[in-house]
Amino acid sequence: MVPPVQVSPLIKTARWSALLVGIIYGKQRYDYLKPIAAEERRVEEAEKKLREEQERIYKQLAEGNSFNSIQCNLILFL
Amino acid sequence: MAQAVQKLVAKVPTMVGAAVSYSKPRLATFWYYARVELVPPTPAEIPKAMAGFSNLIKGFQTGRLGQTTVRDAFRNGLVATDVLMWFYIGEIIGKGGIVGYDV
């Protein structure tokens, strides 16, 4: 087998310090993004509830309208 | 269905044994190289690394770096990419997921 290469100390320090910096960067960015995502989820929940409420009211109004108009048509026909 | 599952479960020890005997020599080769090439720098090597770094900067200042051949520049580019990839692996470890942040 080929004997293992003697890696220069500069490359070794550069690699392992890059690993360390990467770990720290990943952890800090995760901690920064987590509350932002939780806030967005909360806002989305509230808006969704509002939208569903409005859709419910709209549907009720639409049903009420069509019901009324069918009645009117029947009465006119009769 | 139950019989097929039973047969599969009976084969698991043999499969595990086969996997172990396949990977043992390859793991040995990996350790043989990793123990020399992938170890972190000992504290005695850090001043040498800083000397090498200042050497690099001096070479850049004197313009000696303009004399590197394309082959050497290509090799150095590959080494720099290798170091960069270690940063991304560190980021994967730090954020606890492979693709994207799991917030």
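This is a predicted model: local features need pLDDT of at least 70, side-chain atom pairs count only at pLDDT 80 or more; totals for chains, interfaces and linings use all residues.
Local features need pLDDT of at least 70 and side-chain atom pairs count only at pLDDT 80 or more, while totals for chains, interfaces and linings use all residues. Residues are numbered from 1 along each chain as written, chains are lettered from A in the order written, and side-chain values use heavy atoms, without hydrogens and water.

**Interface.** With contact taken as heavy atoms within 4.5 Å, 29 residues of chain A touch 29 residues of chain B. The table gives the buried area, which is the accessible area (1.4 Å probe) that the two parts lose on being put together, summed over both.

| Item, chains A and B | Value |
|---|---|
| Buried area | about 2700 Å² |
| Share of buried area on carbon and sulfur atoms | 74% |

Two salt bridges (side-chain nitrogen of Lys or Arg within 4 Å of a carboxyl oxygen of Asp or Glu) cross this interface. One of them joins Lys12(A) to Glu45(B), at 3.4 Å from N to O.

Helices are DSSP runs (H or I, at least four residues), and strands are runs of E of at least two, numbered from the N terminus.

In chain B, helix α2 covers residues 46–62. Its 17 residues reach 24 Å from first to last C-alpha, close to the expected 24 Å, where the expected span is 1.5 Å times one less than the number of residues.
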